Amino acid sequence: ESVVAEVRRMKEEPDSTPVVTYDSETNEIVVNGKQRIAPLDLRRLCRSPANDPRRVPEGIAPQQMVPLGRYAVQIIWSDGHQSLMPYRAFVEGYDK
């Protein structure tokens, strides 16, 4: 029943999935062309048990970012770590 409701909501609402890119010139992750986040700050938000926010390398950068629907983005980092980052954890005003 909740799956049916979610599919209906997705059909009725315009696509509101955040667009997340990496600007290598400024070394910033850009959300919807407006919000900017340092890769180090975003990686420190990762809640993976394999991630220690105190030991993230200073020069960390995303190697690949894959959107996972309206829920999250998967990020593969330059040190090999992979993060599943829910949009609500870092996108300003995103509460879906």
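## A guided tour of strands, hairpins and salt bridges

Begin by selecting Val 20, whose bridge partner in β2 is Val 31. Strands here are DSSP runs of E with at least two residues, helices are DSSP runs of H or I with at least four residues, and both are numbered from the N terminus. Two strands count as paired if DSSP finds at least two bridges between them. The model is a predicted one, in which local features need pLDDT of at least 70 and side-chain atom pairs count only at pLDDT 80 or more, while totals for chains, interfaces and linings use all residues. Residues are numbered from 1 along each chain as its sequence is written, and side-chain values use heavy atoms, with hydrogens and water left out.

Next, select Asn 27. The hairpin of β1 and β2 has four residues between the strands, and Asn 27 takes a positive phi near 55 degrees there. Asp 23 stands opposite Glu 28 in β2. A salt bridge is a side-chain nitrogen of Lys or Arg within 4 Å of a carboxyl oxygen of Asp or Glu.

**Second stop: helix α2.** Select Leu 40, found in helix α2 (residues 39-44). Leu 40 is buried, at a relative accessible area of 13%; buried means under 20%, exposed over 50% and partly exposed in between, with a 1.4 Å probe and protein chains only. Leaving aside neighbours within four places in sequence, Leu 40 is in contact with Val 56, Pro 57, Glu 58 and Ile 60, contact meaning heavy atoms within 4.5 Å. The C-alpha atoms of Leu 40 and Val 56 are separated by 7.1 Å, although the residues are 16 apart along the chain.

Move to Arg 44, which is partly exposed at 33%. Its side chain meets that of Glu 58 in a salt bridge (4.0 Å, N to O). This pair links helix α2 to the loop between α2 and β4, 14 residues apart. Glu 58 is exposed, with 63% relative accessibility.

Select β4 (residues 62-68) and β5 (residues 72-77), which pair in the antiparallel sense over six bridges. Pro 62 has Trp 77 in β5 as its bridge partner. Three residues lie between the strands of this hairpin, where Gly 69 takes a positive phi near 65 degrees.

His 81 is placed in the loop between β5 and β6 (82-86), and is buried at 11%. Beyond neighbours within four places in sequence, its contacts include Arg 43, Cys 46 and Ile 75.

Now select Arg 43 with Asp 79: they form a salt bridge whose closest N and O atoms are 3.1 Å apart. Arg 43 lies in helix α2 and Asp 79 in the loop between β5 and β6, so the pair ties together parts 36 residues apart in sequence. Arg 43 is buried at 4%, whereas Asp 79 is partly exposed at 38%.
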